[in-house]
Amino acid sequence: MKHLTVIIVLLALSACAAHQTTSSAPQEEWLALNRRFISLFTKGDFDQALATALKEVDLARDFTPRENADLATSLNNLGVTYFAMGRFEEAREPLQRALAMREKILGPNHAEVATTLGNLGELYVAVNMAS
C-alpha cells in the first residue's frame, strides 16, 4: 500500500506539471480537483478523496478528445482510492480503463503506463491474498 501511495502522488504531480500551459476553465477546475485529491489521498482521507476522484472523472469525461490524459489520471485516481478502501472489485475497472487509455495516448513504454500497470499489479496481488 505504501508503494501505491508514492506512485499515485508522483503520477498526480506529473499530471499537474503537464497543465502549466494555458488551460480552459474546466481544465483549471480539474487541476484544482486533482490537487485536492492528492492532498486528501496522502492524508488518508479516502472518503473525501473518493468523492473528489468521482468529480474529476465526471469533469474530464467532457474534455476533448474523449479519451484524454486527464480522464486517464482521474480513472487511475479513482481506482487507487477504491483499492485503498479495500473495495477491490470496484478498483479493477477504472484502473483497466486508465491503462488502456494511457497505452493508446502515450504509447506502451511511457512511465504513466508503467505506473498504472503497477497499480493493477498491486490490486491483483491483494485480490489473490484476500481469497
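Biologist: Arg61 has a relative accessible area of 32%. Does that make Arg61 buried, partly exposed or exposed?

Modeller: Keep in mind that this is a predicted model. A residue is buried under 20% relative accessible area and exposed over 50%, with partly exposed in between. Arg61, at 32%, is therefore partly exposed. Asp58 falls into the partly exposed class too, with 46% relative accessibility.

Biologist: What joins the side chains of Arg61 and Asp58?

Modeller: A salt bridge needs a side-chain nitrogen of Lys or Arg within 4 Å of a carboxyl oxygen of Asp or Glu. Arg61 and Asp58 form such a salt bridge, with 3.2 Å from N to O.

Biologist: How many salt bridges does the structure hold?

Modeller: There are 6 salt bridges. One of them pairs Glu90 with Arg87, whose closest N and O atoms are 2.7 Å apart. Glu90 is partly exposed at 37%, and Arg87 is partly exposed at 30%.

Biologist: Which residue forms a salt bridge with Glu67?

Modeller: Lys104 does, and the closest N and O atoms of the two are 3.1 Å apart. This pair links distant parts of the chain, since Glu67 sits in the loop between helix 3 and helix 4 while Lys104 is in helix 5, 37 residues away. Glu67 is partly exposed, with 34% relative accessible area, whereas Lys104 is exposed at 65%.

Biologist: Those helices have numbers. How many helices and how many strands does the chain have?

Modeller: The chain has 6 helices and 0 strands. Read from the N terminus, the order of elements is α-α-α-α-α-α. The chain has 131 residues, of which 44% count as buried.

Biologist: Where is Pro65, and is the peptide bond from Thr64 to Pro65 cis or trans?

Modeller: Start with the general idea: most peptide bonds are trans. The bond from Thr64 to Pro65 is cis, with omega near -5°. Pro65 belongs to the loop between helix 3 and helix 4.

Biologist: How do I read the angle between helix 3 and helix 4?

Modeller: Angles over 145 degrees count as roughly antiparallel, and those under 35 as roughly parallel. Helix 3 and helix 4 pack at about 155°, with axes 9 Å apart. That makes the two helices roughly antiparallel. Their crossing is left-handed.

Biologist: Which residues of helix 3 and helix 4 meet?

Modeller: From helix 3 they include Phe46, Leu50, Leu54 and Val57, and from helix 4 they include Leu71, Leu75, Leu78 and Tyr82. By class, the contact has 12 nonpolar, 3 polar and 2 charged residues.

Biologist: Take Val57. Is Val57 buried or exposed?

Modeller: Val57 lies in helix 3, and Val57 is buried because its relative accessibility is 3%. Apart from neighbours within four places in sequence, Val57 touches Leu71, Ser74, Leu75 and Leu78.

Biologist: How do helix 4 and helix 6 pack?

Modeller: Helix 4 (residues 69-84) and helix 6 (residues 111-130) pack at about 25°, and their axes are 11 Å apart. That makes helix 4 roughly parallel to helix 6. The crossing of the two is left-handed. The residues of the contact divide into 4 nonpolar, 4 polar and 2 charged.

Biologist: Which residues does Pro94 contact, beyond neighbours within four places in sequence?

Modeller: Pro94, a residue of helix 5, is in contact with Leu75, Leu78, Gly79 and Tyr82. With a relative accessible area of 2%, Pro94 is buried. Pro94 and Leu120 are 26 residues apart along the chain, and 10.0 Å separates their C-alpha atoms.

Biologist: What share of the contacts with a separation of 6 or more joins residues 24 or more positions apart?

Modeller: The share is 61%.

Terms used. Residues numbered from 1 in each chain as written. Predicted model: local features only at pLDDT ≥ 70, side-chain atom pairs only at ≥ 80, totals over all residues. Heavy atoms only, no water. Axes fitted to C-alpha atoms, helices over the stretch in contact; angles between N-to-C directions. Helix = DSSP H or I, 4+ residues; strand = E, 2+ residues; numbered from the N terminus. Parallel < 35°, antiparallel > 145°, perpendicular 65-115°, else oblique. Left-handed = near helix turned anticlockwise from the far one by under 90°. Nonpolar A, V, L, I, M, F, W, Y, C, P; charged D, E, K, R; others polar. Buried < 20%, exposed > 50% of the residue type's maximum accessible area, 1.4 Å probe, protein only. Contact = heavy atoms within 4.5 Å.
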